[in-house]
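Please read them with the structure open.

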Amino acid sequence: QTGSAPNHPSDSEDDEYITNVSIGTPAQVLPLDFDTGSSDLWVFSSETPSSSARGHTIYTPSKSSTSKKVSGASWSITYGDNSSSSGDVYTDTVSIGGFSVTGQAVESATKVSSQFVQDTSNSGLVGLALDSGNTVKPTKQKTWFSNASSHLASPVFTADLNHQADGSYNFGFIDTSLASGPITYVPISTGNGFWEFTSSSYAIGGGSSKKHSTDGIADTGTTLLLLDDTIVDAYYNQVQSAQYDDSQEGYTFDCSEDLPSFSFAVGSSTITVPGSLINFAPVDGNTCFGGLQSDDGIGISIFGDVAIKAALVVFDLGNKRLGWAQK
Ligand SMILES: CSC[C@H](NC(=O)[C@H](Cc1ccccc1)OC(=O)N1CCC(N)CC1)C(=O)N[C@@H](CC1CCCCC1)[C@@H](O)Cn1ccccc1=O
């Protein structure tokens, strides 16, 4: 069995990627943000204060004949951008791209931080990192993909994200026609519960490859490509009008600049992010914000959407490896 669901950018900046998910019986369809950087499936619900839920689609467990409350269970999560949410837990049938998982933990939000209230493009998240990162207490719950994987044709899923266009999340199969190059696999380290891998070098534009070991995660829930300062400074050194803008907390440059590409090693291959994807978004007038920024203070590098958009990414749980193919 397999599943295939389209995704689309949440706005004109590709800030997030949204996929419709069916929950309960009869199906309640919610637009959710798939996040390979976390492990909780949580939704705005009938238990979310109505002032916070305004503008969001909600899940109402009492309207689903297949919902069951997980008594005594609770969850609470804070993300890298300091947004947060918490609540209680139900199980219900959750279908993504035509594939159904029964008894999936659906974490219902009784509290959401202001960023979630304001961001009406999503009604919650589907965590697709490893099960160990799930926050439900007293008993951790499995991710949708973990529950699905034993029934899928193959324990893999792929992310195909595109700039200002539809893409897909495919489960149980790899559609190699989505890529232009071969898939190169690298092992993941599972200790932190992420799709974590090491990249051994990088290159800027057509320049020579520089040895630099990057310990990073493939994270569909992070908008930008966040790497070590030395790499980021070297990159914007090649952008004539670039400067670090304290108010924007990142490098900005003249929107009309022709940005160099950025390549990173995946095993013995490289993935090249075209400069056009690094010209992320206008901030004001003719000044644009970069899609490559510093990972300082996070403690790990994050290959977010800006990097994933350049590739077909294979999340292979069966073989505990990550595959990257140029698009
Ligand atoms: C340094 S992790 C920062 C990252 N959050 C972002 O990337 C947000 C995403 C966004 C964009 C637009 C509206 C709302 C939210 O966007 C920006 O921060 N942007 C984009 C717009 C830019 N102008 C400024 C910078 C982040 O916490 N991701 C987590 C998932 C997010 C949470 C917020 C809702 C969307 C999904 C997550 O995978 C990061 N994680 C990864 C590993 C471990 C823990 C952890 O928590």
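1. Terms for the elements come first. Helices (H or I, at least four residues) and strands (E, at least two) are DSSP runs, numbered from the N terminus. On that basis, Asp 14 is found in the loop between β1 and β2. The chain has 6 helices and 24 strands.

2. A word on the source. This is a predicted model, in which local features need pLDDT of at least 70 and side-chain atom pairs count only at pLDDT 80 or more, while totals for chains, interfaces and linings use all residues. Residues are numbered from 1 along each chain as its sequence is written, and side-chain values use heavy atoms, with hydrogens and water left out.

3. Overall dimensions. The C-alpha trace spans about 60 × 40 × 35 Å along its principal axes. The radius of gyration is taken over C-alpha atoms, and the globule rule is 2.2 Å times the number of residues to the power 0.38. For 327 residues, a compact globule would have a radius of gyration near 20 Å; the chain has 20 Å, which agrees.

4. Burial and surface. Buried means under 20% relative accessible area, exposed means over 50%, and partly exposed lies in between (1.4 Å probe, protein chains only). Of the 327 residues in the chain, 55% are buried. Accessible areas come from the Shrake-Rupley method with a 1.4 Å probe; for residues, only the protein chains shown count as cover. The accessible surface of the chain is about 13,200 Å². Carbon and sulfur atoms hold 47% of that surface.

5. Contacts along the chain. Contact means heavy atoms within 4.5 Å. Take the contacts with a separation of 6 or more: 65% of them are between residues 24 or more positions apart.

6. Charges. Lys and Arg count as positive and Asp and Glu as negative; His and the chain ends are not counted. The place of a charge is NZ of Lys, CZ of Arg, CG of Asp or CD of Glu. The chain carries 14 positive and 35 negative charges. Their mean positions are 12 Å apart.

7. Salt bridges. How many salt bridges does the structure hold? There are 4 salt bridges. The term means a side-chain nitrogen of Lys or Arg within 4 Å of a carboxyl oxygen of Asp or Glu.

8. Asp 14 and Lys 309. Their side chains meet in a salt bridge at 2.7 Å, N to O. This pair links distant parts of the chain, 295 residues apart. Asp 14 sits in the loop between β1 (3-9) and β2 (17-23), and Lys 309 in the loop between α6 (305-308) and β23 (311-316). Both partners are buried.

9. Asp 88 and Lys 69. This salt bridge is 4.0 Å, N to O. Asp 88 is in strand β6 (residues 84-96) and Lys 69 in strand β5 (residues 68-78), 19 residues apart. Asp 88 is buried because its relative accessible area is 13%. Lys 69 has 47% relative accessibility, so it counts as partly exposed.

10. Arg 321 and Asp 316. Their side chains meet at 2.7 Å, N to O, in a salt bridge. Asp 316 is buried, with a relative accessible area of 3%.

11. Backbone points to check. A cis peptide bond joins Thr 25 and Pro 26, with omega about -10°. Pro 26 lies in the loop between β2 and β3 (28-35). Another cis peptide bond joins Lys 137 and Pro 138, with omega about 0°. Pro 138 is in the loop between β8 (124-127) and α3 (144-149).

12. Asn 82. Asn 82 has a positive phi of about 70° and is not a glycine. Its place is the loop between β5 and β6. At 63% relative accessibility, Asn 82 counts as exposed.

13. Gly 103. Gly 103 lies in strand β7 (residues 99-112). Its relative accessible area is 48%, so Gly 103 is partly exposed. Leaving out residues up to four places away in sequence, Gly 103 touches Thr 91 and Asp 92. Ser 83 is 20 residues from Gly 103 along the chain, and their C-alpha atoms are separated by 27 Å.
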